[in-house]
Amino acid sequence: MLRGLVRFLALPKPAVRCKSNLDYSRFPALQESDIEETFTRGSGPGGQAVNKTSNCVFLRHLPTNITVKCHTHRLASKNRVEARKLLLEKLDVHLNGEHSIAAQVKAQEQRKSTEQRRRQEKLQEMKKSWQDRERTDGGTKSTDKELL
């Protein structure tokens, strides 16, 4: 059981594989005094069990007035953690703009996509030139065989 759990925890997350290339120096720190937290009733699929419990977390960052509402889990404690993560991401994008972590990840994916496209085009060009060479060389070889 532990072996499978260790393997599961050791795998990198797909969205943040190149974590070492990201600049976290500008990532904001969240202070509890800057946050207003309220719990509201949930909504959506799940019926009475979801609608009667107050496990939906609503966070407001007071200095910037950025708000986050999180109701992804059934437990309020998990929603609190998730809401803080979302608030940090929104705050990072608001404060840092193109230097935010999300923008850095997007730029890395764009560079990776461009490089992959360039390699694919280069491979196709090499394949096409090889096929052209084989057609011209192959035609002369077949006529040489016919003469013998």
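A salt bridge here is a side-chain nitrogen of Lys or Arg within 4 Å of a carboxyl oxygen of Asp or Glu. The views below come from a predicted model, where local features need pLDDT of at least 70 and side-chain atom pairs count only at pLDDT 80 or more, while totals for chains, interfaces and linings use all residues. Residues are numbered from 1 along each chain as its sequence is written, and side-chain values use heavy atoms, with hydrogens and water left out.

**View 1. Glu-37 pairs with Arg-80 in a salt bridge.** The closest N and O atoms of Glu-37 and Arg-80 sit 2.8 Å apart. Glu-37 belongs to strand β1 and Arg-80 to helix α3, so this pair ties together parts that are 43 residues apart in sequence. (Helices, H or I with at least four residues, and strands, E with at least two, are DSSP runs numbered from the N terminus.) Glu-37 is partly exposed at 26% relative accessibility, and Arg-80 is partly exposed too, at 32%. For these labels, buried means under 20% relative accessible area, exposed over 50%, and partly exposed in between, using a 1.4 Å probe and protein chains only.

**View 2. Glu-32 meets Arg-84.** Their side chains form a salt bridge with an N to O distance of 3.0 Å. Glu-32 is in the loop between α1 (2-10) and β1 (35-40), and Arg-84 is in helix α3 (residues 76-96), so to speak a link between distant parts of the chain, 52 residues apart. Glu-32 is exposed at 51% relative accessibility, whereas Arg-84 is buried at 15%.

**View 3. Asp-132 and Arg-135 pair up within helix α4.** This salt bridge spans 3.4 Å, N to O. Both residues lie in helix α4 (residues 101-147), three residues apart, or about one turn of the helix. Asp-132 is partly exposed at 35% relative accessibility, while Arg-135 is exposed at 58%. Elsewhere, salt bridges that share partners join Glu-32, Glu-37, Arg-80 and Arg-84 into one network. Searching the whole structure turns up six salt bridges.

**View 4. Gln-104 reaches back to His-99.** Gln-104 sits in helix α4 and is buried, with 16% relative accessible area. Its side chain comes to 2.9 Å from the backbone oxygen of His-99. Setting aside neighbours within four places in sequence, Gln-104 is in contact (heavy atoms within 4.5 Å) with Asn-21, Leu-22, Asp-23 and His-99.

Methods:
Polar contact = N/O pair within 3.5 Å; in protein donor to acceptor, adjacent residues only side chain to side chain.
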